Amino acid sequence: MRFGAAVLRSYESRFAVEEVILNAGPADGEILVKIAGCGMCRTDLAVRRSAGRSPLPAVLGHEGSGIVVETGGPGTGLSVGDHVVLSFDSCGHCRNCMGAAPAYCDSFASLNLFGGRKENATRFTDAAGGALAPRWFGQSSFAEYAMVPARNVVRVDPSLPIELLGPLGCGFLTGAGAVFNSFGVGPGDTLAVFGAGAVGLAAVMAATAIGAVTVAVDRHPERLALAERFRAIPLNAASTGLPDRIQQLTDGGAQYALDTTGSAQLINGALRALRPTGHLGLVARLHTALPLEPGTLDRGRRISHLCEGDAVPGLLIPRLTGLWQAGRFPFDQLIRTYPLADINEAERDCDAGRVVKPVLLPEGRAP
């Protein structure tokens, strides 16, 4: 079958919407999904800085959602017409996958970032027959259709706005999962969130939903206004004495802190803002050594890297849609939609911070 997709041909080039070809239908354990919408995540854009490790040309996109149009047999557990959210890929049989920690799959990097699954890789080509990198994050959903392993997929209520649900598969899942899973935040607990982008604001919404006290730190006033709308206490990242201010607002220090910025200065500030035994989680990928200031890890404070919010997507995504339906996780307020043809505009707006979460629509802009 032939369909449109946004192809990235080099690390410096713009995306180009081209005709691509899928030369075979779903194999065992796979489904074909007609994409209704796909979020743009900074991980997609980071391919440009991947030092050649992510193979190109490729169709990126890993926050897809849509409708099943074909299945690779009854073993998928899905049917034609099912509405689904697509999430990250995992092998399903390593120790971590078997231990309900698919985000720490032994093959996570190779499956999601550096080439994807090798099975049937050559069936996905451009119009001239040139090979495209096999399945970014198990989906390559900057496209009208995506071939997906069934284990990537979460069935959702068909009454939900399917074109907006894709970011629940990665960005919003990561922020909310950090709160619910990685930290286990409870009512009355204290959380400081550094960076009020898609991941950080999802963490703020999740913390508010559970009854925690949250401080949000960012340098953009409009992002801080969003955080305040979601009942966080806003603080400008340039504030003097930021760690002391957070300690005052959280009665002696935050129990948990989430950094989405990768800034060494803010990471050290986050550690200083913690109370004894506090936990700082990092979600940004660090590209240089992280210098920690003396005393930041004293008194039982700890730091760890969090991947995909320690989530099992099949458990967390239904929880998030349920909270949205109850008016307690308003992720749709962070989304701006773009036609797939405007993917380069969406990238520019994302890079410039003009939009929190761009969502690309293969069939045009939502009303």
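Reader: Let me start with a helix: which residues of H4 are buried?

Author: Happy to begin there, with the reminder that this is a predicted model. The buried residues of H4 are Gly171, Phe172, Leu173, Thr174, Gly175, Ala176, Gly177, Ala178, Val179, Phe180, Ser182 and Phe183. As a general idea, an α-helix has 3.6 residues a turn, so residues three or four places apart point the same way. In this case twelve of the 13 residues are buried, so H4 is largely enclosed by the rest of the structure.

Reader: What span should the 13 residues of H4 have, and how far apart are the end C-alpha atoms?

Author: At 1.5 Å a residue, H4 (residues 171-183) should span 18 Å, and its end C-alpha atoms are 17 Å apart, which agrees. Look along the helix as well: H4 bends by about 45° at glycine 177, a residue that is itself among the buried ones.

Reader: Now to charges. How many salt bridges does the count come to?

Author: The general idea first: side chains of opposite charge can pair when their charged atoms come close. Here the count comes to twelve salt bridges. One of them joins arginine 9 and aspartate 126, with N to O at 2.9 Å. Arginine 9 lies in the loop between strands E1 (2-8) and E2 (16-22), while aspartate 126 lies in strand E7 (residues 124-126), so this pair ties together parts that are 117 residues apart in sequence.

Reader: Is arginine 9 buried or partly exposed, and what about aspartate 126?

Author: Arginine 9 is partly exposed, at 38% relative accessible area, whereas aspartate 126 is buried at 9%.

Reader: Which parts of the chain does the salt bridge between glutamate 347 and arginine 48 link?

Author: The closest N and O atoms of glutamate 347 and arginine 48 are 2.8 Å apart. Glutamate 347 sits in helix H10 (residues 343-351) and arginine 48 in the loop between helix H1 (42-45) and strand E4 (58-59), 299 residues apart. Glutamate 347 is buried, with 9% relative accessible area, and arginine 48 is partly exposed, with 23%.

Another case is the salt bridge of glutamate 63 with lysine 357, at 3.0 Å from N to O. Glutamate 63 is in the loop between E4 and strand E5 (64-71), and lysine 357 is in strand E17 (residues 357-361), 294 residues away. Glutamate 63 counts as buried at 0% relative accessibility, and lysine 357 counts as buried at 2%. Salt bridges with shared partners also join Arg9, Glu18 and Asp126 into one network.

Key:
Residues are numbered from 1 along each chain as its sequence is written. This is a predicted model: local features need pLDDT of at least 70, side-chain atom pairs count only at pLDDT 80 or more; totals for chains, interfaces and linings use all residues. Side-chain values use heavy atoms; hydrogens and water are left out. A salt bridge is a side-chain nitrogen of Lys or Arg within 4 Å of a carboxyl oxygen of Asp or Glu. Helices (H or I, at least four residues) and strands (E, at least two) are DSSP runs, numbered from the N terminus. Buried means under 20% relative accessible area, exposed over 50%, partly exposed in between (1.4 Å probe, protein chains only). The expected span of a helix is 1.5 Å times one less than its number of residues. The bend at a residue is the angle between axes fitted to the seven residues ending there and the seven starting there.
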